[in-house]
Amino acid sequence: MRRTKTDQWSQELRTVRDPEQLFGDSAQTGVLRLLTMAGKVPFRSAFDGLTLREQAIVRHLLGRQHLRLTPPGVDTPPAPFVLAHSTLGKLTIHEPARGDLPTEEVVAELSLPQWLVEMLDEECLPAEAEEEQHRYEIDHTLSTWHADGTLAERLEEVIDWVERVETVLVHIQRRVFSRSDSGSSTLIRDGVLPALRDRPPADWSPEERLFVGAIQLLFRTGRAVRFEEFNGRQLSAVSLRRVLTTRCAAYLRVLGEPVTGQLSTATLTELAALAGDLVERVDGGDHMRYRRVNGLTYAKDEYLVPWAQQERGHAELPRTLHALTGPFDGDDPAALVRHATAAALRTAHRDGDEGDLTRILEDIVLGAVVDARADYGMSSGIRDLSRLNGPAGRYGEDVAGLRKPDFFCCVLPSPQMAADLPADAVTDILWQVAQRMMYNRWHFVPGNFDRIEVPRQRHYFFPPLVPDIGEWGDLRHGGHSTARVRYTLRAPGAAMWKQPLTVSGRQYRGAFDIRLVRMDGPPFTLADLRIACRYSALVDVLWREIAGYAEEHDGWTPTIAAFGGDWYTANAWRTPVERLAGDAQMVGGPA
């Protein structure tokens, strides 16, 4: 029987809110448990989701072992601080006497001595003054846009951009600014952003002005994916400046350029523009950008890791690809895959049999699964690359006519998963995942075109650009729950340190990938992420060879017929897995 997201999440909430855990130790222990969902959300990220006053309260609980939480309604008179825990697992701390009333389930109360409350007040006053000062800069920017007549257009851009990422979940004080297919959608469905049309910014709430101004600035640093870095967090003018300044400083540092005091005096607009300019140079250097994704908060945090360009490919041919045959002079794995793909394309063009081509992809996917010790892995793409041609690389009828079945996803289990689970259960998981990835790949294509080319009614997402490491994906996403997607790796192609995949003059990002999944612990590491990126580079070789072959043969490309519903239902995944399992040296990870 499938485990549903609702069942699993309800159990998680019950476990985190266990009275013995909340009330059997210090308030510090109970609050940290609620705040981090018993350690499933990094403390820094969870702490960033608190208001200024809530952060001050949590700081003052640390180390004070004598303070205790009490069950709701036990204290007489009522305790001045009330702890609520939302259905999404977010902790909020309220003070009803100040008019701050909880709207979610109250799980505990807290009393603090008067001297400690006075310290909270003292700390919050200067922090609030600093926020007010930085808000003035954003308000002034909005007024300037209103005066020069560009605000209406900029608002429409924000409305459009929030639809181009999977989830927006941003907190500004007690207000939630969200856009989600599976959760709340205050921004569009509830009309927060559309209601701002035809109104001057002076008539917007302070939170609305901050949100619109911040989204405009964040987009300049790297498109709408930057919004996701504030998911689950409090967006403030101070935090916005801190993020932009830190981002610029980190980029300058890895580029070997001095980080000067000019960052501290630059305007928010200048910082956003600088970050956007620097990011392309960073991608061309010897540091790789990647993101960590938390499935509970939807936060996607960017980091940098040193990794020389020449080390981002395989030094030796993966063992799963040893069966590639044919005359070849050399030992470069990428060149060998290129050679084998060219031979497979000639066979497919001559005989109409793309079996050799799909086998190369299967062996690449299985190599990634084995070397990263994943439970299963995948690579998705378009069945017929010529469909991306379009007239002169534009969003023409071929591209507009694409549908989900025009894409495929090769999902394969590890030999261990295939041995541990019944074949029907494996097939069920693989086909669920394949369908979701086909949908995603269809959704990414329009993100490579200018907005004006794509019809307004065509919903799409911006394609993924940088590799990421994910955790706890099965606790919030229904599809991930049933497919047991707990820990993930994703290495999109073409990688940002490579040229985009070019098809008939049109450049594409997010056209293919390598994704890896562990259904249980341990989480993936940076070493695993490097493995995924190296295998994604081999998939990159395959697709570029197909694109190059099309250029040389009047646009002809093979149609990849495998990896459809019939392929999975027939348990065709067994063939490549058994081929792999037949070589005992290949099973169990890298030597």
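## A salt bridge across the chain

Arg-319 and Asp-371 form a salt bridge, with their closest N and O atoms 3.9 Å apart. A salt bridge here is a side-chain nitrogen of Lys or Arg within 4 Å of a carboxyl oxygen of Asp or Glu. Arg-319 lies in the loop between strand 8 (300-306) and helix 12 (333-351), and Asp-371 in helix 13 (residues 355-371), so the pair ties together parts 52 residues apart in sequence. Helices (H or I, at least four residues) and strands (E, at least two) are DSSP runs, numbered from the N terminus.

Asp-371 is buried, at 16% relative accessibility. Arg-319 is partly exposed, at 23%. Buried means under 20% relative accessible area, exposed over 50%, and partly exposed in between (1.4 Å probe, protein chains only).

## About the model

This is a predicted model: local features need pLDDT of at least 70, side-chain atom pairs count only at pLDDT 80 or more, and totals for chains, interfaces and linings use all residues. Residues are numbered from 1 along each chain as its sequence is written, and side-chain values use heavy atoms, leaving out hydrogens and water.

## Other salt bridges

The structure holds 45 salt bridges. One of them joins the side chains of Glu-12 and Lys-40, at 3.3 Å from N to O. This pair links distant parts of the chain: Glu-12 is in helix 1 (residues 5-16), while Lys-40 is in the loop between helix 3 (27-35) and helix 4 (43-48), 28 residues apart. Glu-12 is buried at 15% relative accessibility. Lys-40 is buried at 13%.

Arg-98 pairs with Glu-95, the closest N and O atoms being 3.2 Å apart. Glu-95 is buried, at 9% relative accessibility. Salt bridges also link Arg-226, Glu-229, Arg-247, Asp-283, Arg-289 and Glu-302 in a network.

## Nonpolar cores

A nonpolar core is a set of buried Ala, Val, Leu, Ile, Met, Phe, Trp, Tyr and Cys residues joined through side-chain atoms within 4.5 Å. The largest has 124 residues. Leu-83, Tyr-376, Leu-516 and Trp-543 have the most contacts inside it. Helix 18 gives this core its largest share, 13 residues. Another core, of 47 residues, lies apart from it; Trp-145, Leu-235, Leu-244 and Val-279 are among its members.

The axes of helix 6 (residues 114-147) and helix 8 (residues 206-220) come within 9 Å and cross at roughly 75 degrees. Axes are lines fitted to C-alpha atoms, for helices over the stretch in contact, and angles run from 0 to 180 degrees between N-to-C directions. Helix 6 and helix 8 are therefore roughly perpendicular to each other (angles of 65 to 115 degrees).

Contact means heavy atoms within 4.5 Å. Among the residues that meet are Arg-135, Asp-139 and Trp-145 in helix 6, and Arg-209, Leu-210 and Gln-216 in helix 8.

## Local backbone features

Two peptide bonds deserve a look. The bond from Gly-493 to Ala-494 is cis, with omega near 0 degrees. Ala-494 sits in the loop between strand 12 (487-493) and strand 13 (501-503). Gly-521 and Pro-522 are also joined by a cis peptide bond, with omega about 0 degrees. Pro-522 is in the loop between strand 15 (512-518) and helix 18 (526-552).

Trp-472 is not a glycine, yet its phi is positive, about 60 degrees. Trp-472 is buried, with a relative accessible area of 13%. Asp-554 has a positive phi near 55 degrees. Asp-554 is exposed, at 83% relative accessibility.

Terms used. Parallel < 35°, antiparallel > 145°, perpendicular 65-115°, else oblique.
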